[in-house]
Amino acid sequence: MAQQYPEWIWQNGSIKPWAEATTHVMSHALHYGSSVFEGIRSYVTPDGAAIFRLTDHLNRLYMSAKIYDMALPYTVDELAAACREVIRRNGLGASYLRPVAWRGLGGFGLSAETPIDMAVAAWPMGPYLGAEALQNGIDACVSSWQRFAPNTIPAGAKAGGNYLSGQLIAREARRLGFGEGIALASTGLLSEGAGENLFLVFDGVLHTPPASASLLTGITRNTLMTLAREDGIEVVERDIPREYLYLAEEVLMCGTAAEITPIRSIDGKQVGTGKAGRVTLRLQELFFGLFDGRTHDKWGWLEQV
Ligand code: PMP
């Protein structure tokens, strides 16, 4: 069956039919990975559709662009308006939004000052790893692929080229029958999942690797750290050796797409009881509570469409 796409995409300042939102085959980004992007979710809340931490995501897009000297031709406000328009025009409720900026047609050299093209697409999205995964957790493995070292490619930028690493990790994991792959940093210490950050629980305290562990400091990671601390759960950022994965009471993955996904086994070893643990369940309650009104959004994270 043919894939069903939403009708409209915003590209370079105007709304276009999905099929017409195209780029040239000689666009710089297609050859060299020179794009930066975001992944953002909208949820249906009691006050209507809302985009979760839209401004924080767009600010991160600008930071990613700054690292690669890409002067984005639109302001955060203009992009926020584009995100809202794409959701409205496509009649979307719970969806995934993909703003992307790329080096377009206008030079083939690695340091070419090409035009910067931008687009915002959105499509309906439920749980990324499946509804069952949110409840029962996934089986993960430690990847044979390491993340890139901090002095090679900056993991703190959400750039297209970084996702070659993510593809190797995710594809290897799926090929071996696992739900997701976990990568070590070039130091040999724990980094992150193919597209998710990690939290481990020891004695009821949340432990997560620091920014220096070749990872993207996720907005969901920040959300969970904030919600946890607010709820009296201690959170520490620290270097974590691989074997701690097997010893933790609970391990979870988080990200915009993955939301909060428990990990029930790693490399075939059961994590804790093999079920979502107390801290994971509490974080899920607090996180999903933001969208149905059970958790008061005192931070202004829900930005109405
Ligand atoms: N790490 C990587 C490599 C990712 O791609 C993502 C998803 N954007 C995350 C972590 C989680 O980030 P966020 O919570 O901002 O979606």
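Modeller: In this predicted model, the largest cavity holds about 70 Å³ of space.

Biologist: How many cavities of 30 Å³ or more does the whole structure have?
Modeller: The search of the whole structure gives 2 cavities at that cut-off of 30 Å³ or more.

Biologist: Back to the largest cavity: which residues line it?
Modeller: Its lining consists of Arg41, Tyr43, Phe52, His57, Ile219, Thr220, Thr223, Gly255, Thr256 and Phe287. By class, 4 of these are nonpolar, 5 polar and 1 charged.

Biologist: Which element gives the largest share of that lining?
Modeller: Helix α6 does, with 3 residues. Both α6 (219–230) and β4 (40–45) supply at least two residues of the lining.

Biologist: Why is the largest cavity said to lie between domain 1 and domain 2?
Modeller: Domain 1 (8–124) and domain 2 (131–292) each contribute residues to the lining, so the cavity lies between them.

Biologist: Now the second largest cavity. What volume does it have?
Modeller: The second largest cavity contains about 40 Å³ of space.

Biologist: And which residues line the second largest cavity?
Modeller: They are Glu249, Glu250, Val251, Pro262, Ile263, Val271, Lys275, Ala276, Gly277 and Thr280.

Key: Residues numbered from 1 in each chain as written. Predicted model: local features only at pLDDT ≥ 70, side-chain atom pairs only at ≥ 80, totals over all residues. Heavy atoms only, no water. 1 Å grid on protein atoms, 1.4 Å probe; cavity = no way out; pocket = protein on both sides within 12 Å on 5 of 7 lines; lining within 4 Å. Points joined across faces, edges and corners; volume = space filled by probe spheres on them. Helix = DSSP H or I, 4+ residues; strand = E, 2+ residues; numbered from the N terminus. Nonpolar A, V, L, I, M, F, W, Y, C, P; charged D, E, K, R; others polar. Domains from an automatic or database assignment.
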